[in-house]
Amino acid sequence: MNRGVGPRSRALFRRASRTLVGGVDSPVRSFAAVGGSPVFFARGRGAYLVDEDGRRYLDLVGSWGANLLGNAPRSVVGAVRRTASRGLSFGAPSALEHELGERLKDAVPTLERLRFVSSGTEAVMSAIRAARGRTGRSKIVKFAGGYHGHSDGLLARAGSGVAAGSLPDSAGVPRAITRETLVARYNDPDSLRRLFERWGESIAAVVVEPVAGNMGVVPPLPGFLAALSDLAHRSGALVIADEVITGFRLRRGTVGETLGLRPDLVTLGKVIGGGMPVAAYGGRRAVMEVVAPVGPVYQAGTLAGNPVAMAAGIATLAALTASRYRRLEETSRLLERVLVEAAAEVRAEPFTVQRAGSMLGLFFAPGPITNVEEAERTDRSRYARFFHVALDRGIYLPPSALETAFVSMATGPAEVERAAPAFRAAFRALREDSS
Ligand SMILES: *Cc1c(COP(=O)(O)O)cnc(C)c1O
């Protein structure tokens, strides 16, 4: 089934598995959800990746959404080189930190004060600590299928990577911690209302991906995010918009407020580091000033705001022009059309694309998919088959049915058109399997 993965990738995986747990540093990279041996990449440029066997792939993963500008964009690589030559980390203030911070603030009105950290996990974990510190309450609400990093309290019904590893919750997380985590159903305000009726006085915050991107792509139904904000604020809880994927990907800034969400805290990651480890949390000044050294909530980071990562973020944001976002939307719309038409052409339905800008969720089921239960009922073995045929033909899709495919700004109509025959072949393989 996995005949397309080359001999060098296979050999490297065997060797890596003798040193790294499962051969990888993050579970979904292992291909556990689609079967077979993962591809090892040697380099990337623009829309394409090249593996250790010299095979080229159209990159529709983009480092899980971080590489909005594509692979190794010249301006970002140049900024990293220049900055690195002056020092990799000072563990002391440097001007690039507030420079990137100012650019984020300019684009995200919620960010009156912010703090840089090194991963999305840290950003959400810290935002929750700030919310608890500010409200004096202990419980948090998340949505089933929402992924907010791997901190203990958030590994309850956490979506793609976790679901794919058949770990609905993680071992090693004390029940005492997840007892403080209440789980509602995405796109279902009533499920949230019930939690607030029962626990309202002790809920510190509701954390939500404004467009869910870790159960495939599931956009919010009209009114859902506004109802969420009302319920939270009426009971004195804060709203945390986890925009680690959506921030600066769907538009220059965050997307929640354009969809009716009224966040008190926002988390960013992925795109804002342009491929380097950068994330941030921030929000209204009165809320953020609970964080040390101003307030009593402790949070720190040895490499937080390090100059090389900041330089990558600054160069990335500088490249995010309105015309690039327009072209990204056009390319993404074309990709959606090419996929849907290819499926129809070879009669491989049911197949549904749910797209929010350059995020595409591919579901082998009739749409729409509105929550994680529905996403989990789609045919994931068909996705795996589709994935492998596409991979053989030079398309690198996310190696898990419930992950999002990402289009980069280095991808244009020509690259999408060139990929169409591969998609047709992948759909055809599905039909042959079922006949
Ligand atoms: C990726 C992701 C995170 C975690 O970010 P890491 O940098 O992987 O720790 C948190 N929230 C959302 C919505 C994400 O997609």
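In the hairpin formed by S2 and S3, 4 residues lie between the strands, and Gly54 adopts a positive phi near 80°. Strands here are DSSP runs of E with at least two residues, helices are runs of H or I with at least four residues, and both are numbered from the N terminus. The model is predicted: local features need pLDDT of at least 70, side-chain atom pairs count only at pLDDT 80 or more, and totals for chains, interfaces and linings use all residues. Residue numbers start from 1 along each chain as its sequence is written, and side-chain values use heavy atoms, with hydrogens and water left out.

**The sheet containing the hairpin**

Strand S2 (residues 48-51) and strand S3 (residues 56-59) run antiparallel and are joined by 3 bridges; two strands count as paired if DSSP finds at least two bridges between them. Within this pairing, Leu49 has Tyr57 of S3 as its bridge partner. S3 and S13 run parallel, with 2 bridges between them, and Asp59 stands opposite Tyr396 in S13.

**Strand S7 and its neighbours**

Strand S7 (residues 203-208) is mostly covered, since 6 of its 6 residues are buried, where buried means under 20% relative accessible area, exposed over 50%, and partly exposed in between (1.4 Å probe, protein chains only). S7 pairs in the parallel sense with strand S5 (residues 139-143) over 3 bridges, and Val141 has Val206 in S7 as its bridge partner. S7 also pairs in the parallel sense with strand S8 (residues 238-242), over 4 bridges; there the partner of Val208 is Ala241 in S8.

**A second open sheet**

Another open sheet has 3 strands in the order S11-S12-S14, with antiparallel pairing. Strand S11 (352-356) and strand S14 (405-406) are its edge strands, each pairing on one side only. S11 and strand S12 (residues 359-363) are linked by 5 bridges in the antiparallel sense, and Thr352 has Phe363 in S12 as its bridge partner.

**The ligand**

Polar contacts, which are pairs of N or O atoms within 3.5 Å, are listed below.

| Residue | Atom of the residue | Ligand atom | Distance |
|---|---|---|---|
| Gly120 | polar backbone atom | oxygen | 2.8 Å |
| Tyr147 | polar backbone atom | nitrogen | 3.3 Å |
| Asn214 | N or O atom in the side chain | oxygen | 3.2 Å |

Taken alone, the ligand exposes 380 Å², of which the protein buries 82%; accessible areas come from the Shrake-Rupley method with a 1.4 Å probe.

**Helix H11**

Helix H11 (residues 322-345) has 24 residues and, at 1.5 Å a residue, should span 34 Å; its end C-alpha atoms are 34 Å apart, which agrees. The expected span is 1.5 Å times one less than the number of residues. Among the buried residues of H11 are Tyr325, Leu328, Thr331, Ser332 and Val338. H11 is followed by Arg347, which has a positive phi near 55°.

Conventions:
Polar contact = N/O pair within 3.5 Å; in protein donor to acceptor, adjacent residues only side chain to side chain.
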